[in-house]
Amino acid sequence: MSAEAGMSLPVRDVKLRMERVGMAFERDGKSVSVLEDINLDVSDGEFICLVGPSGCGKSTLLNLMGGFLAPTQGSVTIDNQVIRGPDPRRILVFQERGVFPWLTVEGNIGFGLAKLSRAERRERIDHYVQMVRLQGFEHTFPSDLSGGMQQRLQVARALAVNPDILYLDEPFGALDSITRLIMRGELLRIWQSEHRTIIFVTHDVDEAVQLADRVVVLSARPAKIQDVLTIGIPHPRNISSALYLEHRDDLLKRIGLAYTA
Amino acid sequence: MRLLVRLRPFAFIAVLLVIWQVAVKRHPAQLLPGPLGVVRGIGDLLQHGLLLKYVVASLFRVTWGFLLAAVIAIPLGLTIGWYRRSEMALSPLVQIFRPISPLAWIPIAILWFGVGDLAAIFLIFVGCFFPLMLTAMSAVHNIPAVYVNVGRNFGLSAANLVYRVLYPAVVPQLIIGSRITLGIAWLVVVAAEMIAVNSGLGFLIIDARNAGNRYDLVIAGMIIIGTIGLLLDLGMRSLERVKSFRWGYSED
């Protein structure tokens with residue numbers, strides 16, 4: 001397979017591959033299909049946004065990729081290996097209640113670092129406290145943090161274990177719009193400095209166009225991949241430029257189709 | 001101003017005591033001793049060294065009965081709550097035993113353990129067992145799935161998942177349940193001591209009546225029971241302010 005002509009993206013290894021993935025749940029003795037025939041290759045270091053109607057199975061898809069669920073059809077492989085359960089090499093960030101309320105900021109960031117020596121752990125915690133700008137809050141409990149700070153903390157705890165892939169399930173969905181805008185900038189900054197693969201579920205079109213290398217549009221249930229849209233605008237993206245608005249309108253149109261499909 | 005607000009309940013109690021004393025003076029029928037009589041009664045008990053002895057005896061029984069129940073019922077309840085199937089199997093049995101007053105066990109307690117500390121401890125154990133087990137079961141049910149998923153995501157072993165996620169997640173609810181249960185234990189010990197032993201605050205009350213209608217001592221015993229119950233509750237409440245538990249209680 002040759003690199004797509006005319007694309008400026010460098011050719012990168014495939015990190016995550018989904019082949020003919022299908023998922024069905026048993027409900028009242030009947031099998032309900034949630035996902036059908038999902039095929040997607042995600043490159044190493046790529047930023048993917050998943051959008052689609054609510055309840056279409058975006059979170060289910062993320063749970064499959066995270067190893068929390070096993071697909072009823074097809075396979076999900078990471079680095080050519082079939083996923084067998086959750087793994088610290090890929091961390092899921094939740095929309096709400098993701099941080100442990102009984103641990104301080106430090107305790108949360110250090111949660112996955114039990115195997116490190118004390119000094120290494122200390123260093124890692126300090127590094128990520130700085131990265132998500134929570135200096136001065138090291139000994140604060142989450143209940144005393146704002147929603148945005150809690151989500152930053154959750155991202156820091158995820159990054160601290162040095163994962164290859166970060167799955168984010170509408171991580172800014174419960175935040176107010178200004179905090180969201182700031183958080184997107186922070187996430188891009190972190191992504192650019194840390195070079196992780198990110199798969200980000202959202203139902204916010206602006207969020208998708210602002211963040212993603214590619215936007216994957218899912219159809220209503222049972223969800224299939226309706227469209228894959230490449231956003232070829234370099235970061236930082238000017239959210240009032242003509243090119244940006246063009247992509248945004250394009251995506252809206254395609255989502256509109258997906259919602260009525 | 002704050003001090004005044006804090007003193008208000010004590011002022012109210014003082015007013016009631018005065019009314020009580022005046023009423024007893026006006027109608028010296030033998031319905032109730034006055035507060036001064038009660039204070040003299042407490043003085044008598046102190047003088048004979050009975051007060052401390054009885055308080056210690058009652059607390060001893062409550063401590064052992066409660067601790068034994070906690071050590072068995074809490075792990076059991078957590079385990080049953082975690083495995084929903086075992087809960088479905090055991091639920092009818094629990095539902096039958098739960099509404100039986102611990103006092104209904106008094107004859108059995110005496111049959112098995114004779115008159116003495118063991119019988120009283122057993123009764124408190126029975127009284128604490130079901131509330132603690134049910135608390136533990138519901139605490140497990142209320143753990144948000146997110147916490148468990150995060151624990152699994154970070155690669156915790158089963159033992160570590162219990163120790164680092166499940167245990168801290170249930171502690172605040174266990175503290176509330178323990179507080180309520182300790183209150184129950186304190187109710188049960190008084191009743192148990194009236195029948196199953198020859199010491200303690202419950203025995204004091206029934207003995208004061210039987211041995212000479214010393215109602216001043218009856219009331220004295222009641223007041224001491226109330227005061228100690230309050231102190232026990234305050235002690236348990238102070239646990240709710242520990243920083244790593246505090247998240248479990250809404251702060252309004």
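Two strands pair if DSSP finds at least two bridges between them. Helices (H or I, at least four residues) and strands (E, at least two) are DSSP runs, numbered from the N terminus. The model is predicted: local features need pLDDT of at least 70, side-chain atom pairs count only at pLDDT 80 or more, and totals for chains, interfaces and linings use all residues. Residues are numbered from 1 along each chain as its sequence is written, while chains are lettered from A and ligands numbered from 1 in the order in which they are written.

**View 1. Strands β9 and β10 of chain A.** Five bridges link β9 (residues 214-218) of chain A with β10 (residues 225-230) of chain A, and the pairing is antiparallel. A hairpin of six residues connects β9(A) to β10(A). Opposite Val215(A) stands Leu229(A) of β10(A).

**View 2. The side of chain B that touches chain A.** Contact (C-beta atoms, placed from the backbone, within 7 Å) involves 13 residues of chain B and 18 residues of chain A. On chain B, α7 (145-153) and α11 (243-246) each supply at least two residues of this side. The largest share, six residues, comes from α7(B). By class, this side of chain B has seven nonpolar (Ala, Val, Leu, Ile, Met, Phe, Trp, Tyr, Cys, Pro), two charged (Asp, Glu, Lys, Arg) and four polar residues (the others, Gly among them).

**View 3. Arg164 of chain B.** Arg164(B) lies in helix α8 (residues 158-195) of chain B. Leaving out residues up to four places away in sequence, Arg164(B) touches Gly151(B) and Leu156(B). Gly151(B) is 13 residues from Arg164(B) along the chain, and their C-alpha atoms are 8.1 Å apart.

Notes: Two residues are in contact if their C-beta atoms, placed from the backbone, lie within 7 Å.
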